[in-house]
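Hi everyone, thanks for coming. Have a look at the structure on the screen, and I'll walk you through a few of its contacts.

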Amino acid sequence: MLAILVVAVVALGRAFGDGAADQSSFDTGSSPAPVLSADPDDDDSVLSEAPPPSPSTSPGTAKPEAVAYAFASAWADHKNASAKAWHDGLVPNATQDLLDELDGTDPADVPVDRVLGRPSLVPIGAGLVDADVPVDSGKLTLRLVAPDGRWLVDGIDWGRS
């Protein structure tokens with residue numbers, strides 16, 4: 001009995017339907033479907049082959065290289081320093097968000113003792129750069145931001161070399 005009812009419902013659906021699946025949830029109105037192209041000249045993605053813009057600095061403020069070097073030097077200067085003194089040394093060159101993250105950090109846990117060279121910048125955008133700083137135990141990568149034209153360190157990553 002159940003099988004006959006199922007067959008009847010399917011037959012009625014086919015008899016009164018137009019044979020096409022209900023696509024009302026996919027209806028885009030009168031706008032055509034997007035055209036896909038394999039031609040790279042038609043690519044409108046957000047990725048660009050052009051290099052990111054060079055970092056800019058507001059007049060009277062330090063360049064990102066100088067901020068990165070000063071921060072890295074203060075970061076490495078942790079021997080014989082109290083947690084407060086070490087943290088206070090980071091304040092002039094760090095964002096408040098980073099300072100909040102580092103609050104309570106034991107300076108003895110810092111894996112760096114010396115900065116070995118000048119930072120090299122990797123531009124990401126107009127107000128965003130990464131600075132790679134060679135240190136005695138590897139490489140310190142600092143993320144610098146310049147929301148108001150003043151460069152500040154906003155992130156730290158350390159890797160052993």
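Let's start with the rings: F71, W75 and W86 form one aromatic cluster. Rings of Phe, Tyr and Trp (its six-membered ring) pair if their centres lie within 6.5 Å, and planes under 30 degrees apart count as stacked, over 60 as edge-to-face and the rest as tilted.

Before going on, a word on the source: this is a predicted model, where local features need pLDDT of at least 70, side-chain atom pairs count only at pLDDT 80 or more, and totals for chains, interfaces and linings use all residues. Residues are numbered from 1 along each chain as its sequence is written, and side-chain values use heavy atoms, leaving out hydrogens and water.

How many aromatic pairs are there? The count comes to two. In one, F71 and W75 have ring centres 6.2 Å apart and planes at 20°, so they are stacked. F71 and W75 are both buried, meaning under 20% relative accessible area, with exposed over 50% and partly exposed in between (1.4 Å probe, protein chains only). In the other, W75 and W86 have centres 5.3 Å apart and planes at 50°, so that pair is tilted. It links W75 in helix α2 with W86 in helix α3, eleven residues apart. Helices here are DSSP runs (H or I, at least four residues), numbered from the N terminus.

Finally, which residues of α2 meet α3? F71, A74 and W75 meet W86, G89 and L90, where contact means heavy atoms within 4.5 Å.

Definitions and conventions: Helix = DSSP H or I, 4+ residues; strand = E, 2+ residues; numbered from the N terminus.
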